[in-house]
Amino acid sequence: MNDIVEGLLHALRLIVTLDGDLVEITLRSLRVTLTATAIASLIALPLGALLAVRRFRFRRATIAILNALMGLPPVVVGLIVYILFSRSGPFGVLGLLFTPTAMIIAQVIIIVPLITSIAHQALRDIWAEYHDLLISLGASGRQRVATLIWDGRRSLITAGLAGFGRGIGEVGAIMVVGGNIDHVTRVLTTAIALETGRGDFALALGLGFVLIGLAVSVNLIIHSLSGTEVGSRW
Amino acid sequence: MRRLFSVLILVWVTGGAAAWAEEMRLAVTTSFQNSGLSAVLLPAIKADTGIDVRLIVVGTGQALRLGRAGDVDAVLVHSRKAEEDFVAGGFAPYRREIMYNDFVIVGPKADPAGIGDADTIGTALARLAEAAASFVSRGDDSGTHKRELTLWTGAGIDPEAVAMRYLSVGAGMGTALNIAAGAGAYILTDRGSWLNFANKADLRVLFAGAPELVNQYAYLPVSAERFTNLNAGAAMRLEEWLTSPQAKMLINGYSIDGEQLFRWGSAAADDPS
């Protein structure tokens, strides 16, 4: 119990003094996960809309697999990305292993199924409403997807934030492909794992509180920018 | 505007990490970092040689695995048998002994197994095996784990078939020490990690000093013939630095609470008996 209080104090101290290392790893955490979330959204949102709009043979199986992949263990993704980008692997010549880029790739793989599944679920309901209208207007496939994505933007923000949440707190994959190298690939979660290993629970918890604060801030900023939950609207 | 935007994106994605200094990747065992020695040596290496050493901190097993794939320029590990296999496999031209310390057995202060006054490691392990005590094993194919298994074999004991509870946790040194501290269990650890460990709780060093417990660290540059895209030049200069008087001074001078953690050089050469 004492450790938790000490952790909170530690977090405060780190933030108030704007500790250089803390700022660095926090920015890196943000950079890796925000980039991964942006790339994953570019893939996942249209995919989710397509799954809602199109009817094709393996649609049900595709949706079931995407749903199942939401629970993909990050460390397995990390291992697969490691093998692919190892110097002995097929993409070894790119020299991406132990770089933030490799961490972004791993996180994209982890969060695409999550964002796709949530987006599909949300857009399916809108599609049920819009179906007759869009068909009678003779909207093309591309127009249908665009309309769904625009009108469902609030739910899709939630989908993106869910992806961000899974990415920012993830440690298994980025530890394997990033290597937790100081000043290069160390992020908040891998730093927490390191300090726990050193038995410095106060610092580890302090970093943990910073991580929680960061996730809350990002969510608040996105929500206020997108104008959701304003007082006048239910 | 558009150009500025794309430059911003580029800086964001690449991190704008303008790397002027020469870099190399070194896979090291967890104890090298958990002991705090890396924080002393890396800045000195940077200052003396200009090399920015990027540490990949893993167990000895995974470190050698990274070397086998050509993903690191060199490894610094502590498991002689595995290192010799690595050299025999052609993954490194040789192994060079850099420094050593020793393993210790720590356990609850009350020492229910009574290993504190055992005179040999064999006696200590035999007492542990017969006691109603718990023993935490790294279980991760690291150098410390391999040594622990060698010690049990040497004592003729199968640790999973005795009265003692054997907990194989599959984790790094720090995590394993945390588990031992929480469970009031015995554990084999290198002295460096132990001295730098902050959550000692009720644990104390109970057995140390046996010749079987010497812990030799060796440096293995990954074969540049086998992997052409390695930074072999930096790996060689790092080796020269690690064997230089400057490294000797820093390694021998590193201590916590007045206790020296590592001795520079080769244990076999220092004590030929």
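Helices here are DSSP runs of H or I with at least four residues, strands are runs of E with at least two, and both are numbered from the N terminus. Counted that way, chain A has 10 helices and zero strands, so its elements, read from the N terminus on, go α-α-α-α-α-α-α-α-α-α.

A word on where this comes from: it is a predicted model, where local features need pLDDT of at least 70, side-chain atom pairs count only at pLDDT 80 or more, and totals for chains, interfaces and linings use all residues. Residues are numbered from 1 along each chain as its sequence is written, while chains are lettered from A and ligands numbered from 1 in the order in which they are written.

The model scores ipTM 0.72 and pTM 0.81. Chain B averages a pLDDT (the predictor's confidence in each residue, from 0 to 100) of 90, and 91% of the residues in chain B score at least 70.

**Chain A**

Along the principal axes, the C-alpha atoms of chain A fill a box of roughly 65 × 55 × 30 Å. Of the 234 residues in chain A, 44% are buried. Buried is the word when 20 or more other C-beta atoms lie within 10 Å of a residue's own, exposed when 12 or fewer do, and partly exposed in between, with C-beta atoms placed from the backbone. Two residues are in contact if their C-beta atoms, placed from the backbone, lie within 7 Å. Among the contacts in chain A with a separation of 6 or more, 78% are between residues 24 or more positions apart.

Two helix pairs are worth a look. Axes are lines fitted to C-alpha atoms, over the stretch in contact for helices, and angles run from 0 to 180 degrees between N-to-C directions.

| Helix pair | Angle | Axis distance |
|---|---|---|
| H5(A) and H7(A) | about 155° | 9 Å |
| H3(A) and H5(A) | about 125° | 8 Å |

Which residues of H3(A) meet H5(A)? They are Ile63(A), Leu66(A), Asn67(A) and Leu69(A), and they face Pro113(A), Thr116(A), Ser117(A) and His120(A).

**Where the chains touch**

The contact between the chains takes 19 residues from chain A and 23 residues from chain B. On the side of chain A, helix H2 (20-53) and helix H9 (188-197) are the elements that give two or more residues. That side of chain A divides into six nonpolar, eight polar and five charged residues.

Is Arg147(B) buried or exposed? Arg147(B) is buried, because 23 other C-beta atoms lie within 10 Å. This residue lies in helix H7 (residues 143-154) of chain B. Arg147(B) and Leu213(B) are 66 residues apart in sequence, with 8.3 Å from C-alpha to C-alpha.

Tyr94(B) sits in the loop between helix H5 (80-88) and strand S4 (96-108) of chain B. Tyr94(B) counts as exposed, with 12 C-beta neighbours inside 10 Å.

Notes: Nonpolar A, V, L, I, M, F, W, Y, C, P; charged D, E, K, R; others polar.
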